[in-house]
Each structure stands twice: as structure tokens, then as C-alpha cells.
Amino acid sequence: MRVCVVHNTLNSVGGGERVCLAVIEALKSLGHEITLVTTEFTDWGRVERIVGKVVRPDREVYLLPFRVKAFGIYMRLLTALLLAWERKKCDLVVNTHGDVLPMTSDILYMHFPTFALLRENPVNVKYSESLFWRLYFYPYEKMQGYLAKKMKWRILLTNSEFSREAIRKYIHADAIVVHPPVEISEFLKASENMERDDRVVSCGRYTPEKNYEFVLRVAEHLPHIEFTIIGASSGKVSNAYYRKLARIVEEKKLRNVKLLRDVPRSEQLEIYSRSKVFLHAMIGEHFGIAVVEGMAAGLVPIVHRSGGPWFDIVDRGMYGLGYENVDEVVKAVEYALDNYEYLREKAIRRAMMFSKERFVEKFKEIINSITSGE
């Protein structure tokens with residue numbers, strides 16, 4: 001069977017891109033011929049430097065031979081131009097980016113309804129920061145709301161129970177939850193080390209929605225405990241956010257805090273293997289791959305009581321700790337350190353539920369249900 005996998009770009013290599021790559025792997029393992037439809041060419045060398053060796057599609061068609069840094073969300077819609085042509089050659093279309101295109105997809109993996117971003121926990125969302133960003137986002141927000149109600153699909157997938165509820169609320173459709181694939185094998189190796197320091201780790205891009213100012217406030221209350229923030233930073237927004245955090249650390253003389261940028265995976269794993277707690281500060285995260293990675297490495301997760309990390313990953317406190325304010329985090333960190341070995345084992349077992357292998361097998365079942373006519 002010939003399958004078109006649509007994803008506007010893989011070059012950002014975030015959670016959505018890992019979903020796309022795992023979908024390609026699942027389809028190829030079933031013997032299908034894959035065409036990847038993108039807006040811009042894929043820098044496969046960069047992708048593999050970040051995520052390791054991947055299964056590539058049989059062919060890739062793209063609109064532009066260069067990377068585009070402006071009007072990112074509107075560039076997503078351009079994949080519909082190529083899909084209109086490629087649709088004739090494909091038996092099945094899988095949209096893994098998740099935004100609704102003005103073209104029918106057989107399978108749509110909707111990470112979260114884009115037009116609902118500013119309605120559900122809009123903490124530090126870029127599009128609400130200023131009048132400029134609000135005006136920039138408004139037309140796209142309205143387009144997505146319209147398309148979500150007009151376009152059809154055979155199977156709707158999403159990344160978490162949190163996102164599923166938002167889809168029910170705003171689109172009045174039910175989605176199948178297929179949690180994103182997490183490459184946990186390297187992190188599991190880090191879990192084997194039992195000689196650890198009383199260190200709290202946070203990890204993610206240096207962007208405002210990650211809410212790292214909150215981590216610094218917690219660190220201020222726990223001066224005897226080390227805090228390390230590991231993040232990628234590229235572009236003006238992330239660099240400016242990193243500098244803002246560095247100023248806070250200097251002004252408050254937080255000697256127990258380290259801000260690390262763009263560290264190699266080997267260094268990240270080394271830090272994880274010598275730490276005990278993973279603190280996730282983002283509010284309303286749709287899933288939270290970084291939380292699962294930390295758990296697989298033997299870190300006890302402490303997450304805000306919202307979004308995928310709370311409802312899906314730690315299952316409302318069954319496999320980790322939750323909080324709503326600084327005081328609760330302080331108590332949670334102290335509790336995690338005092339009960340580390342017990343909480344560590346629960347976290348590692350839970351992380352296994354989100355492996356890439358599980359994602360691939362579940363997606364293969366969905367494809368087989370289509371091809372068998374069920």
C-alpha cells in the first residue's frame with residue numbers, strides 16, 4: 001500500500017516530529033511504501049544527530065528547498081498544496097503534524113486543538129504575549145476552528161487524555177489516545193546508577209512556556225539542594241529567555257542553580273544518573289516526553305496538577321507527585337528525597353508504558369484494522 005505521511009517539517013525535531021518518525025517506522029515494518037510530504041526539505045543529518053538513526057521514507061516531496069523561519073504556523077497549510085497532487089498516488093493519508101489541513105486525511109494525529117491553545121491554560125503561550133503575536137495568530141486560530149468542524153477523517157488520534165478532553169469539548173469528536181513514542185533505552189541505562197546526589201533536574205527548550213522562573217523560586221526555598229536546568233536554545237526568543245533566567249540567578253545569588261545550554265546527550269545522561277528528582281514546571285503541557293525520559297533514568301517526577309504529565313504520565317499521583325504552588329513543590333522535593341528508592345522504582349516501571357516500541361505496535365494495530373476492512 002502506498003501511504004502519504006504529512007508533516008510540515010521534521011527539522012524542529014520535537015515531540016510531534018518523533019511521532020512522525022515512529023509512524024514511518026511502523027508503516028515501513030508492515031511493508032508499505034511511504035511518501036513524506038513536507039513544506040521544507042528534511043535535514044536528515046540534523047535529525048539523526050538529535051534522535052539517532054531513523055527509518056526514512058521511500059521518498060520525500062517538499063515545497064521549498066530551504067528552511068523557512070518566518071510565518072511558521074502559516075507554512076503548515078502549504079503542505080496541502082503538495083498533498084492535493086500526491087493524494088492521487090496514495091492509498092492512505094496520515095497527518096502527523098496534527099493541525100487540520102484543507103484536505104481529507106484518513107488518519108489525523110491531533111496533538112491538541114490549535115484554536116484552543118489560548119482557551120486552555122494559556123500560561124506563557126507566545127501568542128498571548130503581545131498585541132503583535134495575538135494579531136499574528138488570530139487568522140490561523142479562526143482557520144483551524146473552521147477546518148476542524150468542516151473536514152473529515154476516518155480515525156482521529158491524540159497524545160493524551162488531557163488533549164482528548166479538549167478535542168471532545170471543542171470539536172465534539174472522540175479521539176483514540178496513542179501516547180507519543182519515547183526513546184527510553186538510553187535513559188534506562190542511566191537508572192542503573194544508585195550513587196546519587198540530592199539534585200533536582202528540569203529539562204526542555206529555553207522558552208517562556210516552560211516556566212523556569214518557577215524552578216528558580218523553588219530553588220530559592222531549598223538552598224541546600226542542587227538544581228540543574230538543561231535546555232536547548234536557538235533563536236532570539238530562547239536566547240533572550242536564557243539571559244533573563246541567568247540575570248535572576250545572579251541577582252538572587254542562587255549558588256545552587258546551574259543553567260546548561262545545548263549539552264550533549266552523554267552529559268545529560270550523566271547528570272540524570274546522579275540526580276534524584278525531575279521537576280516539570282510547565283502548566284497545561286499536552287503530554288511531556290521529558291518527564292517520561294527523567295522517570296526512565298530513575299528520577300522521581302514532580303509535575304503541575306494539569307495536562308498530560310499529571311493525568312497521563314503520573315496518573316494523578318499514582319507514579320509521581322503533584323503541586324499547584326511553590327510551597328507544595330518544596331514539600332514534594334523533600335518527600336521525594338526521603339522516599340527516593342520506593343518512588344524511583346514506581347517511576348521506572350511507569351516509564352516503560354510509553355516506549356517507542358509500544359507506540360509502533362499500537363499504530364500497526366490501527367493500520368491493520370483499516371487494511372483488513374474492520
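**Close-up views of a helix pair and the cysteines**

**Figure 1. Packing of helices α8 and α9.** The axes of helix α8 (residues 212-221) and helix α9 (residues 236-251) come within 10 Å and cross at roughly 15°. Because angles under 35 degrees count as roughly parallel, α8 is roughly parallel to α9. The crossing of the two helices is right-handed. The model shown here and in the other views is predicted.

**Figure 2. Residues at the contact of α8 with α9.** On the α8 side, the contact involves Tyr 212, Glu 213 and Leu 216; these meet Tyr 241, Lys 244, Leu 245, Ile 248 and Val 249 of α9. Six of the contact residues are nonpolar and two are charged, with no polar residue taking part.

**Figure 3. The disulfide between Cys 4 and Cys 90.** The structure holds one disulfide, in which the sulfur atoms of Cys 4 and Cys 90 lie 2.1 Å apart. The torsion about the S-S bond is about 60°, so the disulfide is right-handed. This pair links distant parts of the chain, 86 residues apart: Cys 4 belongs to strand β1 (residues 2-6), whereas Cys 90 lies in the loop between α4 (79-86) and β4 (92-95). Both cysteines of the pair are buried.

Technical notes. Residues numbered from 1 in each chain as written. Predicted model: local features only at pLDDT ≥ 70, side-chain atom pairs only at ≥ 80, totals over all residues. Heavy atoms only, no water. Disulfide = S-S within 2.5 Å. Helix = DSSP H or I, 4+ residues; strand = E, 2+ residues; numbered from the N terminus. Buried < 20%, exposed > 50% of the residue type's maximum accessible area, 1.4 Å probe, protein only. Axes fitted to C-alpha atoms, helices over the stretch in contact; angles between N-to-C directions. Parallel < 35°, antiparallel > 145°, perpendicular 65-115°, else oblique. Left-handed = near helix turned anticlockwise from the far one by under 90°. Contact = heavy atoms within 4.5 Å. Nonpolar A, V, L, I, M, F, W, Y, C, P; charged D, E, K, R; others polar.
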